[in-house]
Amino acid sequence: TPVLVWFRNDLRIHDHRALAAAARQGPVVGVFLHCPDQWRAHGHGANRLDFLRRGVAALADDLAGLNIPLLQRDIGDFAAAPEALGAIAESLGAGRLHFHHDYPLDEAGCDRAVTQALAARGVEVTGHHDGVAFAPGELLTGQGEPYKVFTPFSRAWHRHLDAERLALSPPPEVQAPLAIDGEPLPPCPAMDDPPVASSRWPAGSRAAEERLSRFLRYRGRHYKAQRDFPAVAGTSELSPYLALGMLSHRQCLQAVLTENDGRLTEGDAGLAAWVNELVWREFYRHIAAAFPAVCRHRAFQAHTEALAWRDDEAAFRAWCEGRTGYPIVDAAMRQLVTSGWMHNRLRMISAMFLSKHLLIDWRRGEAFFMRHLVDGDFCANNGGWQWAASTGTDAAPYFRIFNPTTQSKRFDPDGRFIADLVPELSKVDPKQRHDPPEAVRRAQGYPAPIVDHKAARQRALDAFAALKS
Ligand code: FAD
């Protein structure tokens, strides 16, 4: 009898724990449940949805090469998953189902509901922890608590890591054809905006693996030195692939081991710095699992819930549309909207600008990012936003407020990135691009700053100080 594999954010056949385990038990049938209503409720936008759909199509092709059919159902939202999977198991006479756990609250709830419902129907369900080296709860402090600070988490992560946790699962062998046909993608749900050109983000494992090897060959060793400069292609741009599991973190780590003489932490500083980012990714997954309040739109640091965020629709719109009059912030926001991706340094600058300079609730920024990001990942996005807003785990201390102009001079020294993304400023003297004089702004049709840095900084400091009193 066939064994089911329920695919979710793990759209690949290589190094797939559930698929490898299922293939050891019998002929495999894959299932993908499209949940457009749920995804909309989670704020996912056209870029992520389009990338996901193309990723599912690529997965179906890869599975077909192994004679594994992929069944696809549009079920609306997660609540319908137990019944949909139960019905498929029943109709195929499948007695086993494998899947990978996911950690945000609704996803984890769905895992539990599926496990219970299928067990009640006599199906043996196995959930694997595949997207992390350690399942949430496996790494705890000396007091038996979940880590709330990254550095000790990272130390523990490296200390306990062993070869088994890093071992790649082989893809299954080609199986004998089944008398079950794969199913086409269900129709695409209505999208608010058109997605960015698919050539910007080719979907599928092959594209992901190529990117990984190109990154490690040409950029990995320069990562530490170049990762903060948005005009330089210094980072891997693998985030969409990791978010949807077209590539596993183990594939990344194994590739580093190969490049770096079997080391993750020492050896080449660039590669070690890159590994650290993959640990951040896992850290935020553990946070979402251990502190589900963050999944209910709550601040990690509960006392910051009392912060007097400002209601300023015009300022929010200016931020969204890249019209704040701070060129680096505007370039960042335009990069997000035009490409579905934003450089990490710019995510920090623009998130801090919204939450500190404009004193607008970080949750509005989190949602706007999610709507546009092709790599939208609840745990990383929420973690990043709460960091910038000083409401989170390792949050930036509230008095550390980036000066956007200083950041711009430091990380885009010749204004090249600004010139690319803000055409109004492309003809302006590079030295003036970070903060053009008023006459230049007027002549180029570029707006005046919507807030004064010093005054805005003080306003944020006062708002945070008021929390203490
Ligand atoms: P690289 O520098 O090459 O890093 C390799 C991988 O490590 C990334 O692909 C990503 O999977 C992971 N990673 C890197 N930095 C972080 C981090 N700080 N936290 C968690 N994982 C990390 N990342 C997302 O994947 N999805 C998001 O929705 C997201 N939202 C963010 C929002 C804010 C406000 C901030 C400050 C950061 C956010 N990040 C998010 C983290 C980070 O900005 C992106 O992962 C990174 O810019 C992706 O580019 P890259 O693939 O070239 O990264």
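Let's start with what H5 packs against. Its buried residues sit against helix H4 (81-92), strand E4 (96-100) and strand E5 (124-128). Keep in mind that this is a predicted model.

Which residues of H5 are buried? They are Cys110, Asp111, Val114 and Leu118. Look down the axis of H5. The buried residues fall within an arc of 105°, so they line one face of the helix.

Now turn to the face directed away from that buried side. Here H5 carries the exposed residues Arg112, Gln116, Ala119 and Ala120.

Next, a check on the helix geometry. H5 covers residues 105-120, which is 16 residues. At 1.5 Å a residue, the helix should span 22 Å. The C-alpha atoms at its ends are 23 Å apart, which agrees.

And what follows H5? Just after the helix, Gly122 has a positive phi of about 85°.

Let's zoom out to the domains. The protein is divided into domain 1 (3-130), domain 2 (132-167 + 204-290) and domain 3 (302-464). Note that domain 2 is given as two segments, 132-167 and 204-290.

Take domain 1 and domain 2. Their centres, taken over C-alpha atoms, are separated by 25 Å. How many residues does each bring to the contact? Domain 1 supplies 15 residues and domain 2 supplies 17 residues.

Which element gives the most on the side of domain 1 that touches domain 2? That is helix H3 (residues 46-64), with five residues. By class, this side of domain 1 has seven nonpolar, four polar and four charged residues.

Methods
Residues are numbered from 1 along each chain as its sequence is written. This is a predicted model: local features need pLDDT of at least 70, side-chain atom pairs count only at pLDDT 80 or more; totals for chains, interfaces and linings use all residues. Helices (H or I, at least four residues) and strands (E, at least two) are DSSP runs, numbered from the N terminus. The expected span of a helix is 1.5 Å times one less than its number of residues. A residue is buried if 20 or more other C-beta atoms lie within 10 Å of its own, exposed if 12 or fewer, and partly exposed in between; C-beta atoms are placed from the backbone. The arc is that of the directions from the helix axis to the C-beta atoms. Two residues are in contact if their C-beta atoms, placed from the backbone, lie within 7 Å. Domain bounds come from an automatic or database domain assignment. Ala, Val, Leu, Ile, Met, Phe, Trp, Tyr, Cys and Pro count as nonpolar, Asp, Glu, Lys and Arg as charged, and the others, Gly among them, as polar.
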